[in-house]
Amino acid sequence: MSIAASFEIEYLQYLDADGKLVRNDLPEFARDTRQLVELYKTMSFVRVFDGKAVALQRTGKLGTYASCLGHEAAHVAIGSAMHVDDVFAPMYREYGAQFVRGVKPREVLMYWGGDERGNDFSGPAHDFPWCVPIATQCLHAAGAAMAFKIRKEPRVAVSVVGDGGSSKTDFYAAINMAGAQTLPYVSVIVNNQWAISVPRSAQTGAKTLAQKGIAAGLECLQVDGNDLIAMRTAMDYAIKRARHGHGGMVIEAVTYRLSDHTTADDARRYRPDAEVKSAWEREPLKRLRNYLVAQNAWSDKHEETWKAECEKIVDVEVNAYLEAKVQPVEAMFDYVYAELPADLQEQRAQVLALEQRKH
Amino acid sequence: MAQVTLIEALTMAMAHEMAKDPSVVVLGEDVGVNGGVFRATVGLSDKFGPLRVIDTPLDETTIAGIAVGMAAQGMKPIAEAQFDGFVYPMVDHIVCHAARFRTRTRGRLSCPLVLRVPWGGGIRAPEHHSEANESTFTNVPGLRVVLPSSPSRAYGLLLAAIRDPDPVVFFEPKRIYRQYKEEVADDGEALPLDVCFVLRDGSDVTLVTWGAQVKETLEAAEALAKEGVSAEVIDVATLKPLDFDTIHESVKKTGRCVVVHEAPRTAGFGAEIAARLAEHAMYDLVAPVERVTGYDTHIPLFRLEMKYLPSVERIVAAAKRTLAAS
């Protein structure tokens, strides 16, 4: 027998769990500590926001909320590596990426607070909305990439899916299409080890999730998803080659879901505390902070000042969300079609009449 | 003016719109060099190239999901579901996304795609190639569900569907793809969506139908006329949103209504029309509404399929029952 094809999956890490450099080929952006500090500050802001959002849910001021605790490095790296013209297709917890792209925290709260206006967000108007049906966003991103190819636009589409989502037809279909058409599409699998209660080991027999891209003809890389420098390096590379017509890429960001799946979940039912405890030792903020402190670019004082600043910003956002008036009742009709069909006008009038009788 | 079949009229409409609007693209299985298994896209690949007439991988989920993504980013994709029975893997993307993007984003994004679905039985095809599954989509807010029944309406309604700013599921009655030719001018004139077409005026009974059954229903009206019964025939054309006013006006005049469709009866779209007549036209009716439909069974394989589909005989008998009742 001869070999028909062979492959290997590389793993990328710059900072170990303690924040020590494990490679000496630091990329350009990471040599500029000011830029790293800005990224760290964004990650740190996301964590403050996330904690506040969970607290709002616990006190009945927010609906079910999907926390992003532990995903900050992966998400902020994705957002910061993209151009504003690129298209982002998130699942539903990539706030770090979206804040970098201009989405306001109050808009995240609006969505989980039961108001569609959250998805009419301040980020790029072409970005896809939050996507609840698992992995369907992958095909939307690949479709966007197809549009860019047809129109010869130097733009890239990026989607995020979880380890569980990478089991779905749509994930495979999207990378398959990207391979068949050489699309400018980057599929990021944020592997946080848990799909609600089902562990990564029950999703697939594949040794890595990154290697799923091999079958589609894409370049693949596994990255330490808790290492901002590695994640950003991988994203820069994937986006650059996609933009230059070299096709799609699958990036597996290995991280850990430090929170419950959503506020409606209780992860203590299915995973051992010891596992979570050990995951906290590898979490993304600590290692970047340690690195920046070692570079004399950050200090406890900076940390304290910035945390206080984050609290203030988040409070303003929370208040804006809490003070937003409920949409008028007829809003449920007003975006179903570009123009309300005659057939729906009677129902809209009924709802309005019912509402007016109450006042 | 060209004499064209229904399917040629569809090709003509797509070619017209693709020449006029660079954002219009066609995608599906075998739509490229092969021109589609029914030849609906024949010649388009030569004219517009493989980037606008895209042979996708053999996966319906891909076709629907890619179409949604393209439509949300400024393209006007026309996706082909090779056969009605293969549409189910597409439903997730059409129902959860195409139909909801405008609502979900408060109008920031929309999804102006057309899903073309060769539809219905009567062509002696294998299993899963003969489904009348329009009701899968008529309960979905945000969609238009359109079914042409002649070459000129195929041309005009497909143009309207492509130009519509919202997603349209465009069912094509494949049984009458090549049944007859009609003069259709390639003038880019669309027909209105959301309206019924009155195909024959009558005063005794209203026959309401769509798609391939327009043929049998018109024949039934002709047979009834020979017996002195004047039947009005309405082609609903756009099932959703429904132009109930046209149906109601007709029933005000005739007092009788027979709804004809080849989909199974229970929760078929005829049930919606009958319910609306009960709500709004009870006192105009002089006889119970009749439905002539497929049975609540799977459409049989082709040795029996013509016994499943509504026949002229069944339509005439139903019309006569409404006349006997009053």
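Me: How do α6 of chain A and α3 of chain B pack?
Reply: This is a predicted model. In it, helix α6 (residues 136-151) of chain A packs on helix α3 (residues 60-72) of chain B at an angle of about 60 degrees. Their axes are 6 Å apart.

Me: Why give an angle and a distance?
Reply: Two packed helices are described by the angle between their axes and the distance between those axes.

Me: Which residues make the contact?
Reply: On α6(A), they include L139(A), H140(A), G143(A) and A147(A). On α3(B), they include T62(B), I66(B), G69(B) and M70(B). By class, the contact has eleven nonpolar, six polar and no charged residues.

Me: Zooming out, how many residues of chain A are in contact with chain B?
Reply: 34 residues of chain A are in contact with 38 residues of chain B.

Me: Which element of chain A gives the most to that side?
Reply: α6(A), with ten residues. Elements giving two or more residues are α6, α7 (169-181) and α14 (342-358) of chain A.

Me: And what classes of residue are on that side of chain A?
Reply: It has 22 nonpolar, seven polar and five charged residues.

Me: Back to α3(B). Which strands does α3(B) lie across?
Reply: α3(B) lies across β2 (24-28) and β4 (76-80) of chain B. It runs at about 170 degrees to β4(B).

Me: What sheet has β2 and β4 of chain B in its order?
Reply: An open sheet of seven strands with mixed pairing. The order is β3-β2-β4-β5-β7-β6-β12 in chain B. The twist averages 20 degrees from one strand to the next.

Me: Why is one side of β3 and of β12 left without a neighbour?
Reply: β3 (53-55) and β12 (238-240) of chain B stand at the edges, each with a single partner strand, so one side of each has no neighbour in the sheet.

Me: In what sense do β6(B) and β7(B) pair?
Reply: Parallel, over three bridges. V146(B) stands opposite F170(B) in β7(B).

Me: New topic. What domains is chain B divided into?
Reply: Domain 1 (2-184) and domain 2 (197-324). Their C-alpha centres lie 26 Å apart.

Me: How many residues of the two domains are in contact?
Reply: 27 residues of domain 1 of chain B are in contact with 25 of domain 2 of chain B. On the domain 1 side, the largest share, three residues, comes from β6(B).

Technical notes. Residues are numbered from 1 along each chain as its sequence is written. Chains are lettered from A and ligands numbered from 1 in the order in which they are written. This is a predicted model: local features need pLDDT of at least 70, side-chain atom pairs count only at pLDDT 80 or more; totals for chains, interfaces and linings use all residues. Domain bounds come from an automatic or database domain assignment. Two residues are in contact if their C-beta atoms, placed from the backbone, lie within 7 Å. Helices (H or I, at least four residues) and strands (E, at least two) are DSSP runs, numbered from the N terminus. Axes are lines fitted to C-alpha atoms, for helices over the stretch in contact, and angles run from 0 to 180 degrees between N-to-C directions. Ala, Val, Leu, Ile, Met, Phe, Trp, Tyr, Cys and Pro count as nonpolar, Asp, Glu, Lys and Arg as charged, and the others, Gly among them, as polar. Two strands pair if DSSP finds at least two bridges between them.
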